[in-house]
Amino acid sequence: MTQDRRHVGGYSPWEDQYGFARAVAIGDFVFVSGCTAWDDGSVRFEGSPYDQTVAAFGVALDAISRFGLGKADVVRTRLYVTHARDTDEVGRAHRDILADVRPACTIVVVSALLDSRMSVEVEVDAYKKNLELP
């Protein structure tokens, strides 16, 4: 690991199983792995794409906060939804959280996520000039 690269873990049981970190900081960027409404062995807000999106962004924003960044530092998001019919609710949650930031955003409809109760998974990239790693 180089000196200017740090990672933080989260609460996903898959991090160790699949060998990834919740977030990685390198240079002035922080990259957050896919986040869902997973919490302590269950999926929260089953059947509510809006609430699952809000919960997933909560996980992602918590991850960047551990590097001293906040939502104003978010420059790109990716949202993976399991049904096209949910894109308006997922997009509304994105707007409610990040409208004042207006990051680049991609929404992709996928056939499934790791758990069939999950409606959405979000990724976040953040940037802060002269990021100092803790």
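Ala 93 is found in helix H3, where helices (H or I, at least four residues) and strands (E, at least two) are DSSP runs numbered from the N terminus. The model is a predicted one, in which local features need pLDDT of at least 70 and side-chain atom pairs count only at pLDDT 80 or more, while totals for chains, interfaces and linings use all residues. Residues are numbered from 1 along each chain as its sequence is written, and side-chain values use heavy atoms, with hydrogens and water left out.

**Helix H3**

- Ala 93 counts as buried because its relative accessibility is 0%; buried means under 20% relative accessible area, exposed over 50%, and partly exposed in between, with a 1.4 Å probe and protein chains only.
- Apart from neighbours within four places in sequence, Ala 93 is in contact (heavy atoms within 4.5 Å) with Tyr 50, Thr 53 and Val 54.
- Between Ala 93 and Val 108 there are 15 Å from C-alpha to C-alpha, and the two are 15 residues apart in sequence.
- Asp 96 is also placed in helix H3, and its relative accessible area of 43% makes this residue partly exposed.

**The nonpolar core**

- In soluble globular proteins, nonpolar side chains tend to be buried together.
- A nonpolar core is a set of buried Ala, Val, Leu, Ile, Met, Phe, Trp, Tyr and Cys residues joined through side-chain atoms within 4.5 Å.
- The largest such core has 24 residues, and Val 30 and Val 32 are those with the most contacts inside it.
- Two or more residues of this core come from each of strand E2 (23–26), strand E3 (29–35), helix H2 (49–65), strand E6 (74–81), helix H3 (87–98) and strand E8 (120–127).
- With five residues, H2 gives the most to this core.

- H2 has 17 residues and reaches 24 Å from its first C-alpha to its last.
- This reach is close to the expected 24 Å at 1.5 Å a residue, the expected span being 1.5 Å times one less than the number of residues in the helix.
- Buried residues of H2 include Pro 49, Tyr 50, Thr 53, Phe 57, Ala 60 and Ile 64.

**The largest pocket**

- A pocket is defined on a 1 Å grid over the protein atoms alone, as an open set of points where a 1.4 Å probe fits, with protein on both sides within 12 Å along at least five of seven lines; lining residues have an atom within 4 Å of a point.
- About 390 Å³ of space lies in the largest pocket, where grid points are joined across faces, edges and corners and the volume is the space filled by probe spheres set on the points.
- The largest pocket is lined by 22 residues, of which Ser 12, Arg 22, Cys 35, Thr 36 and Trp 38 are the closest to its centre.
- Helix H1 (14–18), E3, strand E4 (38–39) and H2 each give two or more residues to the lining.
- H2 gives the most to this lining, with four residues.

**Cysteines**

- The structure holds zero disulfides, a disulfide being a pair of cysteine sulfur atoms within 2.5 Å.
- Cys 35 is in no disulfide, and the nearest cysteine sulfur, that of Cys 105, is 14 Å away.
- That distance of 14 Å between the sulfurs of Cys 105 and Cys 35 is too far for a bond.
- Cys 35 counts as buried, at 1% relative accessibility, whereas Cys 105 counts as partly exposed, at 36%.

**Glu 121 in strand E8**

- Glu 121 is found in strand E8 and is partly exposed, with a relative accessible area of 22%.
- Leaving out residues up to four places away in sequence, Glu 121 touches Gly 34, Cys 35, Thr 36, Arg 78, Leu 79, Tyr 80 and Leu 113.
- Glu 121 and Glu 46 are 75 residues apart along the chain, and their C-alpha atoms are separated by 13 Å.

**Positive phi angles**

- Arg 102 is not a glycine, yet has a positive phi of about 55°.
- Arg 102 is found in the loop between H3 and strand E7 (104–109) and is exposed, with a relative accessible area of 70%.
- Asn 130 is likewise not a glycine and has a positive phi of about 60°.
- Asn 130 lies in the segment after E8 and counts as exposed, at 58% relative accessibility.
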